[in-house]
Amino acid sequence: MAKLIVNLSMLGKRSTGLGVYSKNCVEAIEANFDASYFALDSNLVPEDKVLSCPQSIAIGSGRLAAIKRYFWSKSVRIDEADVLYTPTHHGLIGVRDQVVTVHDLIALRHPSQHFIQFVYFKFFLPRLLRKCKAVFTVSECTKKDIALHYNYPGERIFVVPNGVDVGEFAPVVAVDSSPFLLVVGGGFFHKNVHEILENHELWSDKFRLVIVSASGKYRKYLARKAVELGIAEQVEFMGYVSRLQLVGLYSSCAAFIYPSKWEGFGIPPLEAISCGRKVVVSDIEVHREILADSVRYVRLGDRQSWIAAFTYIEKAELSDLEIKSRAQVLQQYSLENARKILVEKLHEVYPSLSEVN
């Protein structure tokens, strides 16, 4: 029987979207398979199952981390009887018949945002995919994207979606504060938060705008734009927040807005729905796939569509269709269902995997 080796070497100690997804995968794997882990964070996996890897290769470990990670990945070998799974796109170049998870191809669409990631997705990921037995991804939309861009066989791409912990992301008593709109993700231009600012006449006399996970050049751009538009007092920037803080923000906001131009999945709208809030998202393919009728959609660049969206935020109640769809969406993308699908797909790709006793 094959033993499962899970590659978490790229994950540092600070929680990220990739880290949360990986943590959920680990919990499913621990309950079902005999596994060992390349890992740096002992809080993520059982200490007695950790395989050593250098601290310098984790995301956020410095400007050379990606280069060091690449050369380390070329040097790694595993037992021929074992199989390798990586819950991110950072597979190990030296291992054949592995599975990696490609969450999105945003780096290819917006190369200036993160040039090193663009180089990886453009030149190195195709080499890695040739060594993969299968590819996991998080949505049908991204599956289609991977198949088209890399000419990768669709029958070897499996959708293993994100999952929301509805016990963790549940409404809490709102803290008294002035009414505010919430955005999560203000680090990159494709998040398109500036379009909310450009439509400030529709909301700035009624709400503040709180932008979480705001960082880097895009945060500076948004701050300048707020000043230019005369709404700097109405816009609040927050960097990294804990999961507990995030639940409080979701529960307290008048509405959650997610106007991205592109996403591989987009989990924050589901978290906001789970916390019982009104949600407005951009009308893009992946949002339609994941969120169905549980939210209101806004056509980017369409002033009348934004007017309708803010009228909904101010005046409308959740419709019966929204309420029904929310229950269905949260069930489909529950943490339990996501873990179940991961186990099923790993079994499908590797029928000989050793299970827990």
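Author: In this predicted model, helix H5 (residues 140–150) has as its buried residues Cys141, Thr142, Asp145, Ile146 and Tyr150, where buried means under 20% relative accessible area, exposed means over 50% and partly exposed lies in between, with a 1.4 Å probe and protein chains only. Seen down the axis of H5, these buried residues fall within an arc of 135°, so they line one face of the helix; the arc is that of the directions from the helix axis to the C-beta atoms. Helices (H or I, at least four residues) and strands (E, at least two) are DSSP runs, numbered from the N terminus. What covers the buried residues of H5 includes H3, helix H4 (115–129), strand S6 (132–137), strand S7 (157–159) and H10, contact meaning heavy atoms within 4.5 Å. Asn151 follows H5, and its phi is positive, near 55°.

Residues are numbered from 1 along each chain as its sequence is written, and side-chain values use heavy atoms, with hydrogens and water left out. Because the model is predicted, local features need pLDDT of at least 70 and side-chain atom pairs count only at pLDDT 80 or more, whereas totals for chains, interfaces and linings use all residues.

His103 has its place in the loop between strand S5 (98–101) and helix H3 (106–109), and with a relative accessible area of 11% it is buried. A polar atom of the His103 side chain lies 2.9 Å from the backbone oxygen of Pro87; a polar contact is a pair of N or O atoms within 3.5 Å, of which, within protein, one must be able to donate a hydrogen and the other to accept it, and residues adjacent in sequence count only if both atoms are side-chain atoms.

S5 runs parallel to strand S4 (residues 83–86), to which 2 bridges join it, and Tyr85 has Val99 as its bridge partner in S5. S5 is also joined by 4 bridges to S6, again in the parallel sense, with Phe136 in S6 as the bridge partner of Thr101. Two strands are taken to pair if DSSP finds at least two bridges between them.

Helix H10, among the elements that cover the buried residues of H5, leads on to another sheet region. S12, helix H10 (residues 285–291) and S13 make a right-handed β-α-β unit, right-handed meaning that, with the strands pointing away from the viewer, the path from the first strand over the helix to the second runs clockwise. S12 and S13 pair in the parallel sense over 3 bridges, and Ser282 stands opposite Val298 in S13. In the loop between H10 and S13 lies Ala292, whose phi is near 50°, a positive value in a residue other than glycine; with a relative accessible area of 30%, Ala292 is partly exposed.

These two strands belong to an open sheet of 6 strands in the order S10-S9-S8-S11-S12-S13, with parallel pairing. Strand S10 (235–237) and strand S13 (296–298) stand at its edges, each with a single partner strand, so one side of each is left without a neighbour in the sheet. From one strand to the next the twist averages 25°, angles running from 0 to 180 degrees between N-to-C directions and axes being lines fitted to C-alpha atoms, for helices over the stretch in contact. Helix H8 (residues 243–252) packs on this sheet, touching strand S8 (180–186), strand S9 (208–214) and S11, and its direction makes about 140° with that of S8. Helix H11 (residues 303–315) lies across S8, S11, S12 and S13 and runs at about 150° to S13.

S11, helix H9 (residues 268–274) and S12 make a right-handed β-α-β unit.
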